[in-house]
Amino acid sequence: MSASEGSAEAAAAAAAGAVHIIHVSDRQNIPLELNKVDYAIERKKSLHSRYYFGVIFLIMNLVAWFFRDYGQSIRPWIRYIKVCGNEGEDCFHSLGVLRVSLGCFIFFLVMFLSTVKTRKLCEARNSWHSRWWELKAVLLLISMTLSFFIPSQFVQIYGEIARIGAGIFLLLQLVSVIHFIIWWNKYWTPDEETKKRCSIGLFMSTLFYVVAICGIVYMYTTYASRSSCSLNIFFITWTAILLAVMLVISLNSKVNRGLLSSGIMASYIVFLCWCAIRSETASIRCETKNQENGNGGWITIVGFLIAIFAIVLAAFSTGIDSKCFQFSKTKIENEDDIPYNYGFFHMVFSLGAMYFAMLFISWDLNNSARKWSIDVGWISTWVKVINEWFAATIYIWMLISPVVRQNKVMDNDTNVQDTNHSHSVDA
C-alpha cells in the first residue's frame, strides 16, 4: 500500500469518527430541546398564584373575624374539644382569633420552608408553589384543625410572639412604602426630553401637599376642637411639625430631592396620624360629631370591611416587593428565573397572619372587642403613632444621609491632603 493510499484511508476513518461524534452529540441534544420548559406559561402560572394565596389570606381574615364575633354560634360543635374548655370559651373571642392566626401562620410557614431556595422555573418547588392547589387545601385544613387542638397556654405564648412578628411586618411594610415613594419620585423626575412628565409631577406634588394640609386642618377641627383634647392636639401638632421639617429639608439645595416624594410621605404620615386617632375609644376621641348616631352603624361596617381588605393588600404588596430588600441591585435576570422571591412572599404572609391577629384583638391578648370593630384601643393608638414617627424618621434620614456621607468623604480627603502636605514640608 502506498503512502497516499494510507493517508486517504486515515482521513476517511477520521471523517467517519467525526460524523459519529456529531451524531452522538446531536442525539444527546435532542432530548434537551424536546424537554425545554415553556417559561412563559410557567411564569404566568407563578404570577397568578399570588392572587390565589391572597384569596386564602383574605378567607383567613374573615374566619378570624367570625370566631371573634360569632364563634359562640358553633359552640355545640366545638365544646367537646378538650382544649376549648367546658363552654368552648377558649376557642372564641381573642383566643379564637389567635388559633385561626396560628393555623394560617403554620400554613404559610410550611410554604416558606418548602419554597425558600427556589430560583428557577424548571424546579419542582416552582410547581409546588404554582400548582397542587388540592394538596394545599388539605395542608390548610390540617393547619387550621391542628391549631384548635393546641393547649391554650401555648396559644397565649404564640400571641406574645405574634406581637413581635406583627411589628416586623409593619417594618417591612414601611420599607416597601418608602421604596415605592422613591421609585415614583424617580419616575416623575423631569428630564430634557419629557416636559409633560415634569408638569404632571409638579401637579402631583402640589396635590399631595394640599391633601396633607387639608388633613391636618380636618383633624384639628374634628378631633382637637377643645383644650381638653390635649393628647390629640399633641399628635396632630407633632405631625404638622414633621411635615414642615420634611418640606424644608427637601427644598434644601444640598439635598435637592424635589417635592413629590416628600409630598407623598407627608400625606402618608397624616393618614397614619388620622388612623391613630381613630383607634382611640369613641368615648375619649374628642369628636365634634357623634358617630354612634345616625349612619354610624353602616359607616362602622364599611370601615371594618375596608380595613380587612387593607390588611390583605398590605401583605400582598409587601410580599411581591422583595427587590427593595436586596443588597445587590445589579443582578441580571434570566428567562428561567422566578418572577418574584417565593420564600420572601410566604414569609411576609406568615408575619401578616400575626399582624391581623393583633388588629382583631387590638394588640391586647385579653381584649374582648365589640362587634365590627378592628384595631381600637390605646395600645393600637400608640402602635400607629410610633409607626408614624418611625416612618418620618427613616424618610428624613434617607434625605440627609447622602449629604452626611459626602461631607465625611470630603473631610477625609482634606485630612489626607493636609497630611501629605505636612510630610512634603518636613522632607
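**View 1. Ser279 in the loop between α10 and α11 of a predicted model.** Ser279 lies in the loop that joins α10 (260-278) to α11 (296-319); helices are DSSP runs (H or I, at least four residues), numbered from the N terminus. With a relative accessibility of 1%, Ser279 is buried, a term for residues under 20% relative accessible area (1.4 Å probe, protein chains only). Its side chain reaches the backbone oxygen of Cys275 at 3.0 Å. Apart from neighbours within four places in sequence, Ser279 contacts Asp375, Val376, Gly377, Ser380, Thr381 and Lys384, where contact means heavy atoms within 4.5 Å.

**View 2. The crossing of α7 and α12.** The axes of α7 (residues 152-187) and α12 (residues 342-360) come within 7 Å and cross at roughly 115°; axes are lines fitted to C-alpha atoms over the stretch in contact, and angles run from 0 to 180 degrees between N-to-C directions. Residues of α7 at this contact include Tyr158, Arg163 and Phe169, and those of α12 include Met347, Leu351 and Tyr355.

View 3. Over residues 291-295 pLDDT stays under 50.

Residues are numbered from 1 along each chain as its sequence is written, and side-chain values use heavy atoms, leaving out hydrogens and water. In this predicted model, local features need pLDDT of at least 70 and side-chain atom pairs count only at pLDDT 80 or more, while totals for chains, interfaces and linings use all residues.

Note on methods. Helix = DSSP H or I, 4+ residues; strand = E, 2+ residues; numbered from the N terminus. Buried < 20%, exposed > 50% of the residue type's maximum accessible area, 1.4 Å probe, protein only. Polar contact = N/O pair within 3.5 Å; in protein donor to acceptor, adjacent residues only side chain to side chain. pLDDT = per-residue confidence, 0-100.
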